[in-house]
Amino acid sequence: MSFLLTAVLVLGLTGLLLGLVLYAVSRKFKVEEDPRVGQITELLPGANCGGCGFPGCAAFAEACVKSESMDGIKCSVCKSEVMQQIAAITGHAVEVGVAKVAVVRCAGSCANRPRINLYDGAKSCAAAALMNGGETGCFFGCLGCGDCVRACKFDAIHMNPETGIPVVEQDKCTACGACAKACPRMIIELRNKNKLDRRVFVSCVNKDKGPVAKKACSVACIGCGKCVKACPFEAITLDSNLAYIDFEKCRLCRKCVDECPQHTIQAVNFPPKKMASPSESQQQVPASENSVEQLKAEI
Amino acid sequence: MNTFKIGGVHPEPNKLSAGKKIETLALPNQAVFPLSQHIGAPAVPCVQKGDQVLVGTRIADAGGFMSSPIHSSVSGKVSRIDSVVDASGFRKPAIFIDVDGDEWEPDIDRTDTLALLCTLSREEILDRIRNAGVVGMGGACFPTHVKLSPPKDCNIDVLIVNAVECEPYLTSDHMLMLEHSDEIIVGVRILLKVLGIDRAVIGIEENKADAIQLMQSKTSMVSGIEIMPLKMKYPQGGEKQLIEAVTGRQVPPPPALPANVGCVVQNVGTVFAVYEAVQKKKPLIERIVTVTGKSVKNPCNLKVRLGTPVSQLIEYAGGMPEDTGKLISGGPMMGRPLLDDKAPVVKGTSGILMIPEADAVRRAERNCIRCAKCVQACPMGLEPYLLATASEAGDWATAEENWIMSCIECGCCQSTCPSRRPLLDWVRLAKNRVGGIIRARNTKK
Amino acid sequence: MAQKLYITTSPHVHCGDTIERNMRTVIWALVPAFIASVIVFGAGALIVTATSVASCLFFEWFITRFLLKRPSTLSDGSAIITGILLAFNLPSNIPLYMIVMGALVAIGIGKMVFGGLGNNPFNPALVGRVFLLISFPARMTSWPVPHQMAAYADAVTGATPLNLIGQIVGGNTAAADQLPGLKDLFLGNIGGCLGEVSALALLIGFVILLWRKVITWHIPVTILATVTVLTGIMWLINPVLYVNPLYHLCAGGLMLGAIFMATDYVTSPMTAKGMVWYGIGIGILTVIIRYFGSYPEGMSFAILIMNAVVPLINNWCKPKRFGEAAK
């Protein structure tokens, strides 16, 4: 009996002693944290995507509480209501940004842009881009190794095996910009989401002279400048053989789309127009109600 | 026999064109001169479309101190200034010249007589080297006049001539030594004069016994020039490895230079170009190129005017074999792949190598089995497996901590990996990124 | 130009080495030890090895095919080696179901749960062996005496040299008289696990591995040297209680472990310096367990413990960088 008692006593006392030590330590080294940081962290998506520029959601929450104003501090993933809630907690006014979405500006699918070489190295766009111009005659377009897909924390961008070009699922895309940062060719751009997700953009980043670009890819921008003249809002600029549509100025009139001889300018999520000729209708974008499948098919 | 201490591999030598006399290739119909054939700022064109040029006419000026001028290797008319996909794999600006004869600039000495005496001063020699557009002919194309002007605080005591040619297949330096040994020795003496020192060591790997013997007999009467046979091991031709093999000194990690340990290394081809530039006033307009490959009909060493399209060289060697899977400018360990055969020969083209498809296609990569063969092979004492994993994960900090900037991209790691991992692809990516980070940090300071 | 050219960065050639080639060489290096075990233990050796290899191959195939749903990795040969090494660590009279269980643990828990070859922190064969050793201590520590060619489960068992050494340390100095001669110990004319009996056959395997450049000398040599030094010191202190270090070198699984198990690519350190520390650690732990532990043999535990330390060793022991001294 006595040995049983000894064991219980020894273990009990040890437990009690250690408990006291733990208590003392926890009191002595207690970290005072602003309760608001916890509240904000709970509101945030928790994906730690880094789109805000801070290392993770917790760091973002801390920055919200510590800084004087919310200028430049914005979670691109959160909806504006959530940002308003955060603003309510911190007491700073928050600017409501325009919703954006990642847009892949390359249409150089296997059919449009024939492969003239075969890349056999490490499966990374960044590594491939360092070495040379890639497998096709176009040294600006998509390399197709999928760095953007690996960068996406929200499963919103995938490779289309038929075209070899990534497709953004606009419903899942939070415009955190990770894919745009990962792309060594800077093909992916964050553009305004606009009403009904309608967008008009130049689906090419090739800066080569017209003949060179055209030889490499059948839907490359050749820098002819017709779209610039067609645009009534001065939204289109031409820089080193490449047209660019400023999404702040664009009013989605689609005059440029009809004008482009290379069918490089794409208009997505518009209802079908009355077709002028059947040949044009193939290039025209079909109607869509934000359906991902249709978006995939058209890009 | 000397060699470097850490790592190294023994790839199959495959010197198919060894002993083949240097032949002169016919003039091309059109010559193309990319404006960046060297490390540093690209050259600036100084001719215009329609201008008539002669062989040796300067067509582009150096774009700064760390740059080099470019001369026409043909006589004819500038047809356009446009862009061309060169050996780097990118589209670069270039000058196109339509050839209509072979008229040389009058002050170039075209005779073969050996010009022994050099009475020029150090500055005059340097000027001639710079104006002739001489760059390192081993492949890196570092402007030679920059290398010959080491920082003031460095005490240079030895000139090392790199005649190692450790890359498999290539034989251009070997043949150059056999056919132009006298010129090379004069070139070495000119370089010694420029550097103001009296000791030069010519390092030659033991597999070139005839070259070692010939050079030894020619230098036995010349004081200050020593021929050092070296044990065969790749990458002995790497600047740092060669310095260690010859002198036993190790160059500290970047940004230290060979000059910090008192050495200047020049490729044997560069020495020959220096001789021609100084004694014959002939700018760098032609070079020896090895055209080779396992299935090539007639592997050969050709004297080629710069700007000649690669297809013409391949034609001379018997055409591109049916089974070619890869076309490489340079050697198999460090050469760059060509996208097609239209690229022009540039200052750094030491060889044109055609690899059969069976050897060219990489095998599927497997898990790293941690066999440590890459660590044993690395001549810089790095851990390629660790650097590659860090690069794959985008962990640039780990890569930097583990000395990634010391990597010389020799390819030993990847060529030994039993899991066939593309180690060097990843390491190169990380090196590029870490280099960018370091530069950004330095400018911030 | 008709053909499409491949484009990759350098290097464009490869020395031709593959995982399969390395594994094949290891299998060839194990052949002398296998022949020795058949000569010593006869039918039992054949049955145990065949069962172990077959079940390792089966589990590897089953797991990749049905659980991981990946392409088969059977062809890389690592499962065969795990099978052979597991068999070499078992007594020749062990029941078949135990071998199958050991193989399942070795392949399943030792390797595949971590993601297959290359990711396992512990030597798979040793994980299987230690599992069996702890689960069935009696069967795992009774070894048949040599030269019962036709016997399998019914083989007569007897004490191994390590048992005797343990008894001597325990105070039974009379056991020293039963110790076999050094020549028998070296050639393998003793009881024990299948593969460990013949030091000579294992050394032949070591030479093959070194000659084909599959392993470097660092790990085996440092383990053997450490054990020799430590047991030598104890022998010098008290030659009655502690036996000659040569006995320790040839007895038990020391040779097998040092040459084939500790040098496993995946679970050993990456640098020469690290390998030396790893070898010293294994040597020290082996001697401690042999003399002061409750099991007569400490090799497998020593290797597994040091396996766990390998990531730390890799972190601490960096290769000598080029130009480091000059800095």
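In chain B, strand S13 (residues 286-292) and strand S14 (residues 300-305) pair in the antiparallel sense over six bridges, two strands being counted as paired if DSSP finds at least two bridges between them. Strands (E, at least two residues) and helices (H or I, at least four) are DSSP runs, numbered from the N terminus. The model is predicted: local features need pLDDT of at least 70, side-chain atom pairs count only at pLDDT 80 or more, and totals for chains, interfaces and linings use all residues. Residues are numbered from 1 along each chain as its sequence is written, and chains are lettered from A and ligands numbered from 1 in the order in which they are written.

Axes are lines fitted to C-alpha atoms, for helices over the stretch in contact, and angles run from 0 to 180 degrees between N-to-C directions.

In chain C, helix H5 (residues 124-135) packs with helix H14 (residues 299-316) at an angle of about 130 degrees, the axes being 10 Å apart. H5(C) and H14(C) are therefore oblique to each other (under 35 degrees is roughly parallel, over 145 roughly antiparallel, 65 to 115 roughly perpendicular and the rest oblique). Leu126(C), Arg129(C) and Val130(C) of H5(C) meet Ser300(C), Phe301(C), Ile303(C) and Leu304(C) of H14(C). This contact of H5(C) with H14(C) comprises five nonpolar, one polar and one charged residues. Ala, Val, Leu, Ile, Met, Phe, Trp, Tyr, Cys and Pro count as nonpolar, Asp, Glu, Lys and Arg as charged, and the others, Gly among them, as polar.

Between chains, 34 residues of chain C are in contact with 53 residues of chain B, contact requiring C-beta atoms, placed from the backbone, within 7 Å. Strand S1 (5-7) and helix H1 (19-41) are the elements of chain C that give two or more residues to this side. Its residues divide into 16 nonpolar, 13 polar and five charged.

Chain A is divided into domain 1 (35-90) and domain 2 (100-298), with bounds from an automatic or database domain assignment. Six residues of domain 1 are in contact with seven residues of domain 2 in chain A.

Key:
Two residues are in contact if their C-beta atoms, placed from the backbone, lie within 7 Å.
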